[in-house]
Amino acid sequence: MDPVASKRGKQTVRNMFLSTLVTAACAGVIYIFIPHDENADPIKAVDFTVELATVRIAAPYPVAAPEGLPEKWKPTSVSYDHTAGKAWHLGFLDPDRKYVAVEQSTADARTYVPQVSQKAKDTGTTETVAGREWQYWEGAKYDALVLLEKGHTTVVTGSAPKERLLEMAEALKTEPVGGSVPVPSASPSASVSPSAAAAS
């Protein structure tokens, strides 16, 4: 082997080793002297107020969002798909860090509900929330409360237990299309039969 090449190879390995040591030392100094919170929650809460106000003007149905939930409920995601289906989504972590989502769409309930509820199935039972009958669905991943309304479907779903899903459904408020004073999503005057909603 060429002595010069061998020497250069050893210098390269040595330089790489020294660079690694310097980098590790710098990282250690930064970690020690820059304040950090060991208990900080890596999941940041999102503010959905602007999106909600905008969607309540744009959507063709009364858009639902919770009001008055305890502070330990954390909103984590928000979206609106203005294309076919006009799908509104709000994602939350409940106080026990289980997932709960509010989903609404004009899509056919027969395909939409299994999609957003991770293939949950209708149990044939209902839960009454503020005078409205919500279908109760169960699944391997998510359970769901399903409210079939004229022209759209509202789903409260997630990995949280039924009690949390009911708590979310109870907190939901809507505004008429175009915006107005919030009204409970459970207004009895707006109820329709499941067969009529599925056919719409």
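Author: Let's settle one word before anything else: a residue is buried when its relative accessible area is under 20%, exposed when that is over 50%, and partly exposed in between, using a 1.4 Å probe and protein chains only. Keep in mind that this is a predicted model, where local features need pLDDT of at least 70 and side-chain atom pairs count only at pLDDT 80 or more, while totals for chains, interfaces and linings use all residues. Numbering runs from 1 along each chain as its sequence is written, and side-chain values rest on heavy atoms, with hydrogens and water left out.

Now the pair I'd zoom in on. Glu-149 and Arg-132 form a salt bridge, their closest N and O atoms being 3.6 Å apart; the term asks for a side-chain nitrogen of Lys or Arg within 4 Å of a carboxyl oxygen of Asp or Glu. Because Glu-149 lies in strand 7 and Arg-132 in strand 6, the pair ties together parts that are 17 residues apart in sequence. Strands here are DSSP E runs of at least two residues, helices are H or I runs of at least four, and both are numbered from the N terminus. Both partners, Glu-149 and Arg-132, are buried, with Glu-149 at a relative accessible area of 10%. Strand 7 covers residues 143–149. The side chain of Glu-149 also makes a polar contact with the side chain of Thr-154, at 3.0 Å. That term means a pair of N or O atoms within 3.5 Å; within protein, one must be able to donate a hydrogen and the other to accept it, and residues adjacent in sequence count only if both atoms are side-chain atoms.

Thr-154 turns up again around Trp-134: leaving aside neighbours within four places in sequence, Trp-134 is in contact (heavy atoms within 4.5 Å) with residues including Thr-154, Leu-147, Val-156 and Leu-172. Trp-134, Val-156 and Met-168 touch the most other members of the largest nonpolar core, which has 27 residues. Such a core is a set of buried Ala, Val, Leu, Ile, Met, Phe, Trp, Tyr and Cys residues joined through side-chain atoms within 4.5 Å. Strand 6 and strand 7 are among the elements that each supply at least two residues to this core, but helix 4 gives the most, with 4.

Helix 4 brings us to another charged pair. Arg-164 forms a salt bridge with Asp-96, with 3.2 Å between the closest N and O atoms. Arg-164 sits in helix 4 and Asp-96 in the loop between strand 3 and strand 4, so to speak a link between distant parts of the chain, 68 residues apart. Asp-96 counts as exposed because its relative accessible area is 53%.

One more pair for contrast. Arg-110 and Asp-108 meet in a salt bridge at 2.8 Å, N to O. Arg-110 is exposed at 58% relative accessibility, and Asp-108 is partly exposed at 26%. Across the whole structure, a search finds 6 salt bridges. As a rule, side chains of opposite charge can pair when their charged atoms come close.
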